[in-house]
There are 2 protein chains.
Amino acid sequence: MKSYLTMSKEELQTEIAALKKEYSKFQSMELELDMSRGKPCKDQLDLSMGLMDALTSGADLCCEDGTDCRNYGVLGGIEEAKVLIGDMMENNPDNILIYGNSSLNVMYDQISRSFTHGVMGNTPWCQLDKVKWLCPVPGYDRHFGITEYFGIEMIPVPMSTEGPDMDTIEKLVAEDEAIKGIWCVPKYSNPQGYSYSDETVRRFARLKPAAKDFRIYWDNAYGIHHLYEDHQDYLIEILAECKRAGNPDIVYKFASTSKITFPGSGIAALATSPNNLEDIKNQLKHQTIGYDKVNQLRHVRFFKDIHGMVEHMKKHAGIIRPKFEAVEEIFEENLQGLDIACWTKPNGGYFISFDGLDGTAKEIVDRAKKAGVKLTPAGSTWPYHKDPHDSNIRIAPTYPPLEDLRTASRLFTVCVRLVSAQHLLDNYDERANITAPEQ
Amino acid sequence: MKSYLTMSKEELQTEIAALKKEYSKFQSMELELDMSRGKPCKDQLDLSMGLMDALTSGADLCCEDGTDCRNYGVLGGIEEAKVLIGDMMENNPDNILIYGNSSLNVMYDQISRSFTHGVMGNTPWCQLDKVKWLCPVPGYDRHFGITEYFGIEMIPVPMSTEGPDMDTIEKLVAEDEAIKGIWCVPKYSNPQGYSYSDETVRRFARLKPAAKDFRIYWDNAYGIHHLYEDHQDYLIEILAECKRAGNPDIVYKFASTSKITFPGSGIAALATSPNNLEDIKNQLKHQTIGYDKVNQLRHVRFFKDIHGMVEHMKKHAGIIRPKFEAVEEIFEENLQGLDIACWTKPNGGYFISFDGLDGTAKEIVDRAKKAGVKLTPAGSTWPYHKDPHDSNIRIAPTYPPLEDLRTASRLFTVCVRLVSAQHLLDNYDERANITAPEQ
């Protein structure tokens with residue numbers, strides 16, 4: 001296909017006319033499709049229905065150590081759940097706290113507690129004039145939502161295929177004591193699906209922040225969420241690396257079973273150093289008597305061990321891999337060579353990151369919406385919902401059924417082409433300044 | 001039996017000698033009993049095993065409105081859970097938010113959020129010099145634990161059989177803008193088992209606090225936890241009363257199924273005014289995507305409706321009523337008429353409140369511990385664990401098996417008599433100043 005960047009005004013006009021016809025065909029289909037959130041689809045949820053039979057009225061709901069999971073107690077989670085989640089997170093069970101159903105809530109609580117009580121004896125953040133946070137971009141909107149809610153100044157840091165720009169991060173954290181944390185989705189990142197390189201992880205573990213209470217918020221949400229058996233990303237385990245680097249307390253690592261069993265009805269966990277664990281538990285004991293141990297036991301009995309979980313994840317991959325491939329195929333078919341878009345091809349996780357021409361993302365999302373396809377709002381992948389390039393769109397292929405997804409993806413590419421062609425026509429004289437998007 | 005207060009030195013010495021013998025008999029039994037916490041016993045937990053079969057792998061896990069409980073979403077809880085819990089709390093489902101497994105956590109979050117973000121647009125408490133809280137005493141140690149953790153100055157307010165002293169409360173909240181809340185367990189109070197009188201509730205609803213962000217923390221933990229079918233306490237519903245009084249936003253009401261199904265694996269809820277709900281939801285959306293809907297649905301399917309829950313509570317009563325009666329019987333048998341103790345005889349809830357002579361509670365608890373019976377530490381029922389009279393002990397009869405409970409209760413009365421007799425002997429010359437305890 002011919003690059004839109006080299007098209008004449010007339011060619012663009014012809015293209016636009018053809019695309020408008022195509023677009024109105026989609027409109028007449030009265031679609032109602034949702035590609036906005038990283039939600040598992042029904043088939044994926046069905047994979048975990050056995051969870052409902054893992055504990056029956058005839059079952060013994062006691063742990064191996066005799067703890068009756070039905071009663072109060074055991075603040076940090078039952079031992080067998082720590083073992084299972086420890087294997088999932090590649091951490092020693094002793095470094096793990098099992099929480100309730102939401103790792104986002106665990107992160108929120110960490111930040112909230114840092115505001116009201118401080119981190120390991122340091123000044124509570126609510127007593128500071130300014131708290132700042134590093135935000136690799138594009139990133140996860142709900143992360144940014146928490147820091148925004150707490151009035152934390154968010155500083156974008158560019159991402160590459162290797163992870164966030166470590167030169168910038170090293171410099172900023174060393175200089176500015178107000179910087180207290182960084183959001184990371186280190187494996188199959190949200191939204192690009194990138195995994196941090198070995199060097200990136202090593203440099204994270206060796207950060208020398210000015211703030212003693214600086215913590216890396218390492219949200220390993222997609223640690224075992226591979227799409228392929230034969231090409232998987234590997235990530236250096238951060239806790240071990242921090243310990244080796246003599247920097248054991250610098251990281252909180254989060255994970256959950258939300259996209260393994262049922263989102264909202266799974267178990268979340270935090271892995272961190274003994275010092276951090278002690279600090280957290282001393283707080284947590286005022287907040288709750290304990291989390292849902294029955295559900296912890298349910299997960300343990302269902303999976304039995306990490307092998308059970310890995311086999312389970314293969315079934316997830318079997319369902320969502322064709323969806324990722326369908327999107328990629330349609331994008332290639334309809335957008336390749338036009339010089340108006342690029343997109344990532346992740347080996348795991350829940351998203352594809354799409355970049356269009358600068359100044360087109362909002363309009364593309366609006367166009368899609370008017371034809372019945374809901375996308376994550378443009379800007380969501382940036383702090384304060386402000387993408388300075390207005391170019392990035394997060395594509396979430398998992399939720400719609402495959403055929404719907406194909407339709408939605410086709411419509412999406414029509415929207416991209418239409419909006420881009422119009423944009424190039426409107427800015428024809430400045431065309432020399434417009435360059436093809438690159439991840 | 002003869003009052004200890006009228007005994008001569010010699011009589012007390014004889015009594016002490018006899019009691020020491022009795023005490024050493026208990027010591028030789030090497031008991032290991034726990035009357036310290038309000039925990040359901042195994043038989044009670046067994047009542048809810050049907051919960052484990054309420055959802056099976058063959059079940060449809062969708063709500064009546066089509067919401068798939070297995071996936072993300074629905075921040076405030078599923079509609080059928082709101083209806084069930086609404087009936088339990090005597091509130092309109094529209095006034096209810098369903099949370100996770102712990103109402104204590106909900107209360108903690110309310111206070112934490114008030115510190116970081118403020119209540120309905122008022123100044124966040126972390127920016128105030130001083131925050132104060134009213135604490136009816138004796139009260140619930142975990143309530144006091146939260147306010148202590150946040151550095152809130154706790155002001156004790158005396159309880160009577162009618163509830164807390166409203167004259168004091170009305171005066172204090174009207175005068176002092178730093179007072180932001182009060183802990184209430186209005187029905188079958190922890191630890192006395194008192195229920196607030198109609199007048200008390202009416203006066204609560206009509207409080208005129210100086211602080212606009214003052215809230216009543218109405219922890220209706222034992223709303224349907226009756227011991228008897230024929231004599232039950234009734235409590236005026238506070239939200240409706242506040243609305244009638246033109247004071248709709250003054251109360252947060254909390255409840256959970258912790259002592260209905262499984263503690264730690266149930267569902268918690270908050271009922272409050274539309275203004276408060278909006279304020280809370282605007283915050284909550286940053287904290288979590290939603291709570292465990294599968295567990296909400298599980299509870300709804302298990303109980304079907306409030307009638308199912310009421311019938312279920314009768315079974316609980318059938319198990320724990322004999323335990324309360326055993327304690328009361330043994331206390332009467334061994335302590336009545338001695339003028340060294342008094343105790344409450346609740347119609348519901350989880351506790352009996354015991355008062356000994358001033359200055360004896362700590363020693364009684366220590367004595368019991370040394371003979372293998374664990375009680376709630378003396379002082380726990382007061383803010384900062386400081387009972388100025390050192391007289392109050394919370395008795396939790398539900399957890400031990402009935403026979404163990406009888407043994408523990410007998411030992412307890414021996415400890416009470418021994419410590420009291422010794423105390424009277426040691427203070428024989430000031431005996432005129434020592435008066436019989438009264439609730």
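Residues are numbered from 1 along each chain as its sequence is written, and chains are lettered from A, with ligands numbered from 1, in the order in which they are written. Because the model is predicted, local features need pLDDT of at least 70 and side-chain atom pairs count only at pLDDT 80 or more, while totals for chains, interfaces and linings use all residues. The pLDDT is the predictor's confidence in each residue, from 0 to 100. Chain A averages a pLDDT of 97, and 100% of the residues score at least 70. The model scores ipTM 0.97 and pTM 0.97.

Begin with the two chains. A rotation of 180° with 0.0 Å of shift along its axis superposes chain A on chain B, with an RMSD of 0.0 Å. The two copies are therefore related as by a two-fold rotation axis. The superposition is by least squares on the C-alpha atoms of residues with pLDDT of at least 70 in both copies.

Where do the chains meet? Two residues are in contact if their C-beta atoms, placed from the backbone, lie within 7 Å. In these terms, 44 residues of chain A are in contact with 44 residues of chain B. On the chain A side, α4 (103-116), α5 (141-149), α9 (274-287) and α10 each supply at least two of the residues that touch chain B. Helices (H or I, at least four residues) and strands (E, at least two) are DSSP runs, numbered from the N terminus. The largest share of this side, six residues, comes from α4(A). By class, this side of chain A has 19 nonpolar, 18 polar and seven charged residues. Here Ala, Val, Leu, Ile, Met, Phe, Trp, Tyr, Cys and Pro count as nonpolar, Asp, Glu, Lys and Arg as charged, and the others, Gly among them, as polar.

Now look inside chain A. An automatic or database domain assignment sets the domain bounds; the assignment gives domain 1 (4-44 + 311-433) and domain 2 (63-304) of chain A. The C-alpha centres of these two domains of chain A lie 31 Å apart. Between them, 25 residues of domain 1 of chain A are in contact with 28 residues of domain 2 of chain A. The largest share of the domain 1 side, seven residues, comes from α11(A). That side of domain 1 has twelve nonpolar, nine polar and four charged residues.

A residue is buried if 20 or more other C-beta atoms lie within 10 Å of its own, exposed if 12 or fewer, and partly exposed in between, with C-beta atoms placed from the backbone. Helix α3 (residues 79-89) of chain A is mostly covered, with eight of its eleven residues buried. Among the buried ones are A:Leu84, A:Ile85 and A:Met89. The buried residues of α3(A) pack against β2 (96-98), β8 (251-256), β9 (268-271), α10 (293-303) and α11 (306-335) of chain A.

In soluble globular proteins, nonpolar side chains tend to be buried together.

Some backbone details remain. After α3(A) comes A:Glu90, in the loop between α3 and β2 of chain A. Phi of A:Glu90 is near 65°, a positive value in a residue other than glycine. A:Glu90 counts as partly exposed because it has 19 C-beta neighbours inside 10 Å. A:Met120, not a glycine either, has a positive phi of about 45°, and sits in the loop between α4 and β3 (132-137) of chain A.

What kind of peptide bond joins A:Asn190 and A:Pro191? The bond is cis, with omega about 10°. A:Pro191 is in the loop between β6 (179-184) and α7 (198-205) of chain A. In chain B, a cis peptide bond joins B:Val137 and B:Pro138, with omega about -5°.
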